[in-house]
Amino acid sequence: MRLSARLSVAPAALVVALGLTAALPAEAQSRRAAAPVAAAELTRAAPATHRAVTFAAAPAAPSGTLVLPLSAASDLDARAATLSSDARAALAAGLKGADFGYGKRKSVSLYGLGGWDRVLVVGLGADASAADIQDAGAAAGRALGAQAGELTLLASGLSAEAASELATGLNLGEYRSDLYRTTGRDKPAPGAATVVADDASGASAVFAGRGRALVEAMTWARDISNEPANVVYPESFVARARAAFAGVPGVTIEVLDVPAMERLGMGSILGVGQGSPRPPRMLIVRYRGQNAPAEVFGAGPVALLGKGITFDSGGVSLKPGSGMGAMKMDMSGAAGVVGAVLALAKSAAPVDVVAVAALAENMPDGGAIRPGDVLTAMNGRTIEVISTDAEGRLVLADAMVYADTRLNAAAIVDVATLTGAISTALGSDYAGLFSRHDSLSDQLHAAGEASGERLWRLPLHPNYVTATSSPIADIKNAGEGGAGAGTGAHFIGYFARPETPWAHLDIANVDTSAANDVKPAGSTGWSVRLLERFVRDYRPVAREVGTGGS
Ligand SMILES: [Zn+2]
């Protein structure tokens with residue numbers, strides 16, 4: 001469900017509803033009242049739609065569009081085993097005539113074969129993994145988003161899990177990012193989709209148990225990332241999270257407002273947020289599955305921390321104007337970690353996990369922090385601000401101390417669109433992974449391979465300590481030397497106790513992309529699938545001073 005309607009109350013009313021008016025300093029209240037948020041209240045996003053998917057052992061009579069996932073022409077007999085021999089012969093002849101390489105994420109349409117109006121052949125590539133099969137489904141969803149009529153997807157010869165991945169991909173591929181187009185937007189496709197699978201009831205159970213939740217969580221994360229910053233700011237992010245989790249069993253939500261963060265001494269995130277009329281928030285979403293095994297989660301939850309800068313202007317260290325609009329997505333880490341917990345909670349996964357979203361808007365203002373200012377984080381450590389544009393690590397410092405000391409997390413993974421340097425190092429093929437704990441790093445790497453959201457480990461060199469040393473405070477928020485992604489990771493890790501298993505994911509190079517075969521332009525929803533897989537497969541990591549990564 002889209003939530004703009006929920007936010008249609010006047011801003012002042014929203015503040016009252018959240019019980020915050022009395023808590024805001026008078027100055028903040030007056031600035032808030034003057035904030036031009038009214039225009040955003042007139043903004044209404046279009047609702048997300050997905051085809052309803054069902055599973056069957058055999059197709060109905062040919063009608064509408066057939067989706068045929070193949071690694072090679074020789075797969076046809078197995079995949080199309082439920083069609084008539086005449087239909088198979090027609091498809092074989094059609095495939096022979098098509099110049100198609102069966103590559104991953106590629107598709108080709110054939111028309112009028114075997115009684116079907118259209119046959120969409122999607123490539124699986126050789127040795128297709130679960131992620132490749134999901135991608136094939138997404139390529140179909142993307143190609144057929146506006147296609148009217150019934151869809152039939154053939155998954156014969158594939159496992160129940162693979163058939164569910166195909167359905168999950170179909171729904172993910174239907175995602176649209178043109179949330180606010182009022183003209184030229186195609187009508188949503190009306191037809192339903194049927195996946196033909198050998199074990200139809202098994203596939204249906206896997207999809208209902210996990211796939212559908214993943215689609216809902218990915219849609220939530222992509223939507224909130226694609227939304228502009230006049231719609232999504234710390235308080236509205238919280239409101240949307242509350243709505244998404246409403247009624248989901250096992251979930252508790254806690255929100256720290258400014259006075260609560262002041263009481264806890266979270267001077268780092270409060271410093272970042274003080275230049276904006278929209279105050280910061282720390283959102284904590286805990287999900288405890290009923291059957292979470294004590295031998296895995298007895299020591300505490302897995303904590304996922306997300307950088308949630310709802311707009312990053314750079315602050316007083318103002319960014320260049322070109323491309324600044326993309327900084328509405330500087331909250332993609334927060335969207336990813338909350339989305340991962342949403343996927344786990346909605347599928348009743350047997351895990352204990354908590355997402356901590358560190359939400360703030362980074363704006364230049366007479367009241368904003370300056371370069372040279374010193375902030376004090378929740379653990380009492382002091383930070384010299386070199387650049388107000390290195391704010392992600394500042395909000396995560398307090399989130400880290402909170403997760404480590406208040407939530408007693410057994411392991412902590414933070415996710416952040418942290419540095420431009422990560423793009424230079426890794427392009428957009430891998431996100432950056434930093435950790436002192438090899439076992440945690442290995443588990444994240446494996447989850448990346450399984451989910452298709454892949455990671456490459458980078459070093460935490462001891463020199464980063466010197467690079468971030470400050471003459472006036474305990475640490476400074478921008479390092480010297482060229483290892484920008486590494487010094488950023490070191491800064492965040494400085495706020496975790498050395499024995500706490502911790503990893504940092506820098507996703508600044510993968511959180512958004514141009515349109516491609518599986519998605520439209522905009523948010524990738526990156527880290528939802530990775531972290532959902534990671535937490536499901538999580539094994540306890542020893543609590544000892546980590547020595548890996550350098
Ligand atoms: Zn920044």
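A residue is buried if 20 or more other C-beta atoms lie within 10 Å of its own, exposed if 12 or fewer, and partly exposed in between, with C-beta atoms placed from the backbone. Strands (E, at least two residues) and helices (H or I, at least four) are DSSP runs, numbered from the N terminus. The model is predicted: local features need pLDDT of at least 70, side-chain atom pairs count only at pLDDT 80 or more, and totals for chains, interfaces and linings use all residues. Residue numbers start from 1 along each chain as its sequence is written.

Q: What makes strand 4 mostly covered?
A: Strand 4 spans residues 116-123, and six of its eight residues are buried.

Q: How do you know that strand 2 and strand 4 pair?
A: Pairing requires that DSSP find at least two bridges between the strands. Strand 2 (residues 65-70) and strand 4 have six bridges, in the parallel sense. One of the bridges joins Thr65 to Arg118 in strand 4.

Q: Why does Tyr102 count as buried?
A: Tyr102 has 20 C-beta neighbours inside 10 Å, so it counts as buried. Tyr102 sits in the loop between helix 5 (85-97) and strand 3. Its phi is positive, about 65°, although it is not a glycine.

Q: Why is Ala348 called partly exposed?
A: Ala348 has 17 C-beta neighbours inside 10 Å, so it counts as partly exposed. Ala348 lies in the loop between helix 13 (332-346) and strand 10 (352-362). It is not a glycine, yet its phi is positive at about 50°.

Q: Why are helix 16 and helix 19 called oblique to each other?
A: The axes of helix 16 (residues 438-451) and helix 19 (residues 528-537) come within 8 Å and cross at roughly 125°. Angles under 35 degrees count as roughly parallel, over 145 as roughly antiparallel, 65 to 115 as roughly perpendicular and the rest as oblique. Helix 16 and helix 19 are therefore oblique to each other.

Q: Which residues of helix 16 and helix 19 meet?
A: Contact means C-beta atoms, placed from the backbone, within 7 Å. Among those meeting are Leu444 and Ala447 in helix 16, and Leu530 and Phe534 in helix 19.

Technical notes:
Axes fitted to C-alpha atoms, helices over the stretch in contact; angles between N-to-C directions. Contact = placed C-beta atoms within 7 Å.
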